[in-house]
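Please examine the sequence and the structure shown below. The report that follows begins with one residue and then widens to the whole chain.

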Amino acid sequence: MKKLFYIDYPQESFEGQMHRYRCAHCKVETTTINGRLEGHLPSCEYRIQLEKIGHEAQGDCATTTLTNADDFD
Ligand SMILES: [Zn+2]
């Protein structure tokens with residue numbers, strides 16, 4: 001199970017920098033996470049919760065897009 005983009009994690013803004021956001025759990029900036037589950041730290045509560053229900057953190061989102069034809073699930 002894998003979503004194309006993981007963007008439903010709790011976010012908070014950097015102090016004094018309202019246009020910059022980071023994950024409220026692992027504090028990684030959203031531009032670094034870039035919608036990827038593996039963009040969160042392995043210790044991130046959001047990532048742990050999703051991995052617990054079967055989502056996989058993988059290194060390469062692009063291949064998932066390219067192999068969509070196989071995805072009959
Ligand atoms: Zn996180």
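Pro-10 lies in the segment before β1, where strands (E, at least two residues) and helices (H or I, at least four residues) are DSSP runs, numbered from the N terminus. The model is a predicted one, in which local features need pLDDT of at least 70 and side-chain atom pairs count only at pLDDT 80 or more, while totals for chains, interfaces and linings use all residues. Residues are numbered from 1 along each chain as its sequence is written.

Is Pro-10 buried or exposed? Pro-10 is exposed, because 9 other C-beta atoms lie within 10 Å. By definition, a residue is buried if 20 or more other C-beta atoms lie within 10 Å of its own, exposed if 12 or fewer, and partly exposed in between, with C-beta atoms placed from the backbone. When residues up to four places away in sequence are not counted, Pro-10 touches Ala-24 and His-25; two residues are in contact if their C-beta atoms, placed from the backbone, lie within 7 Å. The C-alpha atoms of Pro-10 and Arg-22 are separated by 8.5 Å, and these residues are twelve apart along the chain.

**The chain as a whole**

The chain has three helices and two strands. Read from the N terminus, the order of these elements is β-β-α-α-α. Of the 73 residues in the chain, 14% are buried. Among contacts with a separation of 6 or more, 25% come from residues 24 or more positions apart.

**The strands**

Strand β1 (residues 11-14) pairs with β2 in the antiparallel sense over four bridges; two strands pair if DSSP finds at least two bridges between them. Phe-14 has Gln-17 in β2 as its bridge partner, and Ser-13 stands opposite Tyr-21 in β2. Two residues lie between the strands of this hairpin, where Gly-16 takes a positive phi near 75 degrees. In a regular strand, side chains alternate between the two faces of the sheet.

**Loops and a helix**

Lys-27 is found in the loop between β2 (17-23) and α1 (30-33). Asn-34 lies in the loop between α1 and α2 (45-52). Both residues have a positive phi although neither is a glycine. The table gives their values.

| Residue | Phi | C-beta neighbours within 10 Å |
|---|---|---|
| Lys-27 | near 70 degrees | 12 |

Lys-27 counts as exposed because it has 12 C-beta neighbours inside 10 Å.

Ile-48 lies in helix α2. With 14 other C-beta atoms within 10 Å, Ile-48 is therefore partly exposed. The C-alpha atoms of Ile-48 and Leu-37 are separated by 9.6 Å, with the two residues eleven apart along the chain.

Cys-44 touches Cys-23, His-25 and Cys-26, not counting residues up to four places away in sequence.
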